[in-house]
Amino acid sequence: MSENFLSVACQNVLKNLGEVMQKVDKVDDKAVTGVVQKFIETGLDKKKPNGWQIFNEYVINAMLSGTGTPVVNFIGNAVNAMAKPTLRVIATAFSNDKLAKREARAMFDSIFDGLKTDLVFLNKGVSAGLPVDFQLTPKALGLSQKEFNAKMEAAGATIDPRTGNVSIEEANRALKEGYDYITKSIPTRFGGDYIRFPTRLTIGIDEYFKARMRTQKTMALLSRKASMDEAAGKGDYDTLYKQYKERAFATKPRAEIEAKAKRDLPSAQRNDPKVSYESLVKKYTEEDQMDYVGRLDAVFGRDEDFVTAIYDVRNYATDGTFQTKLTGIMDKISKVRGEGNSAGTTLATQVVPFLRTPWNLTKEGLSYVPGVGVVLKPDVTKTTVKYKVMDGVKVPVFETGVINMPMEDMVARQVMGLGAVVGLGALYNAGNLTGSIPDDAAERATWQANGIQPFSIKVGDTWVSYQRVEPFATVMGLAADTFRLTDRYMNGKMQKGKEVDEVLAASWSLFKGNVLEKTFLQGFADMLTAMESPNKAQSYFDNLAKRLIPAGANTIARTIDPYEREAVTTLEKMQQRVPGARQSLPESFALYSADPNNIEARRTNKAQAVSGIAISDLPTEFQQGMAELGVSFAPKSARMSKVPMDSQQLSDYKRFINENATRLFSGALPNLQKLPNDQIKQTVARKMMSNVTKAARAKLLMKYPELRDKIIEQNLYDKFGLE
């Protein structure tokens with residue numbers, strides 16, 4: 001974001017805040033919260049973005065606009081919300097801490113509490129387009145009414161307790177770090193609010209699950225307080241826990257809210273004639289539902305044992321939705337990347353559009369991998385309190401930072417990951433689990449032809465992808481690939497004397513396929529691929545260009561088109577994502593068809609197009625037979641003898657191969673399977689495919705004589721140097 005983030009008016013508000021607060025005898029919490037929100041809204045609305053920032057905001061929202069993004073985001077957060085209590089139970093199983101065991105049980109109580117009422121946070125997140133969790137009460141923090149700095153700290157800013165002031169630079173940093181992608185660069189009058197809807201929806205989903213996480217942590221703290229008060233002789237645990245729970249989740253009576261709305265209506269209508277009694281009731285009801293801080297304050301008050309309770313709840317929610325602040329080199333990269341103030345920072349943003357969430361997801365996923373998680377610990381947010389004497393008054397100062405995950409939590413993840421690996425091993429041995437798609441182009445093409453869906457589990461008669469169900473997709477994919485690599489080694493499928501080289505190469509491929517090439521790191525993975533081979537640089541820039549077409553348009557285009565399409569040029573690859581225009585591209589064919597009696601192009605996976613999660617039928621009997629041969633056939637590129645083909649020529653070439661290969665192999669497969677060993681089977685199959693390719697090539701050159709002439713010219717130049 002621009003350094004000129006805040007308006008002059010907003011700067012004046014900040015400059016005078018400290019003086020104003022000194023004169024106020026009683027802090028009106030809602031008024032203060034309103035000031036903070038107004039401060040943030042003004043800062044965002046009044047900044048003057050440049051063209052690079054507008055471009056970045058459009059592209060990032062375009063990337064998030066597909067229906068699969070919110071579906072996968074919701075599923076990932078839901079899975080993590082369910083996993084947290086389980087992890088806590090595992091962690092407490094290794095200790096004799098009675099209080100901790102009670103906390104774990106209490107967290108399970110929260111799984112289904114508030115599923116409906118917490119939707120208010122989703123609604124607010126979508127409507128505001130900003131995190132809605134700003135407010136803190138001075139009483140809940142044990143602060144005097146003069147310490148408005150706690151309010152700013154709630155927004156993530158670091159304050160000077162001696163002056164109570166927040167610098168413009170610090171306020172800018174705090175707001176910018178809320179999410180990777182919050183900007184309001186595109187003016188509302190040019191449809192900015194509509195263009196920003198994908199990010200607003202993403203924020204809304206995160207806010208909903210933050211509320212779910214806050215409930216979990218609240219229940220744990222209530223349980224601990226009930227246990228401590230029981231030990232102090234204040235009552236039995238069950239009674240105290242029930243009382244505290246009712247107090248923490250109680251809402252105001254409807255009559256009280258309606259009375260307030262009726263009382264405030266005249267003054268509200270003087271400011272805005274459109275305000276109605278019903279809208280005020282709705283507003284006050286939502287505010288009451290969202291005021292978890294006030295309700296926590298009612299339970300914990302000034303209890304010295306729970307002075308950081310509100311921070312603990314908030315930190316747990318932030319970490320649980322993968323929004324932990326970046327540290328070290330990743331923080332530096334984030335600051336260098338910026339929000340696109342120049343061509344350089346725009347390019348950096350496009351290489352890695354999102355940084356915080358992907359990094360936290362990656363570390364969280366790796367924390368479940370046996371052995372790896374111990375070395376690469378994810379971070380958690382921790383708030384500590386120190387006391388200083390100011391004007392003769394003892395005042396708490398809260399410091400929030402990022403620390404390594406406690407060992408007991410890491411052990412819980414390792415135990416869960418180890419259990420998952422054992423179960424995944426059984427699935428793999430039964431043929432019900434696949435990992436990442438092979439790095440070798442020939443193997444990838446053969447997987448495609450044989451109907452093998454990567455990153456999937458067999459459920460009944462279908463394959464269901466787990467690739468985007470984070471954070472567990474990482475450990476599942478790594479486990480499946482490790483099983484496959486071990487299987488190749490144990491069954492002697494590696495070349496003699498080169499086992500070590502193959503294992504090392506496969507290990508890099510395994511890491512790249514399961515970590516670097518995830519959807520949210522695709523820009524970084526594409527850049528690495530381009531750096532590995534200059535010949536692949538074009539695909540990197542193609543992927544950047546495709547981002548200009550919204551993912552939502554691509555979802556519609558793929559949903560209404562039953563077939564996959566060939567695209568050679570950058571414009572054609574963009575055209576693939578445009579509804580209607582996509583169908584004018586030629587169809588794409590695999591090496592052979594799934595059904596020998598029905599030769600057709602590759603079908604679009606509509607489930608993946610709509611939800612982001614691929615679902616496909618099991619391979620046909622013919623595909624299974626071809627897979628059992630264990631042979632890989634090289635795919636066909638868009639070049640023939642160094643001469644580029646257009647998309648129609650490439651489509652025809654693949655179609656000719658498909659037609660011939662399907663007929664030939666369907667008839668020869670029974671005899672191929674009778675051959676004495678795998679090596680002979682594969683040698684014969686490759687020879688058959690070579691003949692099929694030659695026949696298809698001849699047929700293609702007869703259909704396109706101009707292509708034949710160009711190839712002849714190229715061959716003459718290569719052999720004799722003749723133009």
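## Helix H10

Of the 35 residues of H10, 28 are buried (under 20% relative accessible area, with a 1.4 Å probe and protein chains only), so the helix is largely enclosed by the rest of the structure. Helix H10 covers residues 197–231 and reaches 51 Å from its first C-alpha to its last, close to the 51 Å expected at 1.5 Å a residue; the expected span is 1.5 Å times one less than the number of residues. Just after H10, Gly233 adopts a positive phi of about 80 degrees.

## Basis of the model

This is a predicted model, in which local features need pLDDT of at least 70 and side-chain atom pairs count only at pLDDT 80 or more, while totals for chains, interfaces and linings use all residues. Residues are numbered from 1 along each chain as its sequence is written, and side-chain values use heavy atoms, with hydrogens and water left out.

## The chain as a whole

The chain has 32 helices and seven strands, taken as DSSP runs numbered from the N terminus (helices H or I, at least four residues; strands E, at least two). Of its 723 residues, 49% count as buried. Among contacts (heavy atoms within 4.5 Å) between residues at least 6 apart in sequence, 70% join residues at least 24 apart.

## Helix H26 and its cover

In helix H26 (residues 551–560), the buried residues are Ala551, Gly552, Asn554, Thr555, Ala557 and Arg558. Their cover includes helix H3 (51–64) and helix H28 (606–611).

## Backbone features in loops

Glu470 and Pro471 are joined by a cis peptide bond with omega of about 5 degrees. Pro471 lies in the loop between strand E4 (462–465) and H22.

The loop between strand E6 (639–640) and strand E7 (643–644) contains Ser641, and Lys642 is also found in the loop between E6 and E7. Neither is a glycine, yet Ser641 has a positive phi of about 55 degrees and Lys642 one of about 75 degrees. Ser641 counts as partly exposed at 28% relative accessibility, the class between buried and exposed. Lys642 is exposed (over 50%), with a relative accessible area of 54%.

## Lining of the second largest pocket

By class, this lining has 20 nonpolar, 16 polar and 13 charged residues; Ala, Val, Leu, Ile, Met, Phe, Trp, Tyr, Cys and Pro count as nonpolar, Asp, Glu, Lys and Arg as charged, and the others, Gly among them, as polar. A pocket is an open set of points on a 1 Å grid over the protein atoms alone where a 1.4 Å probe fits, with protein on both sides within 12 Å along at least five of seven lines, and lining residues have an atom within 4 Å of a point.
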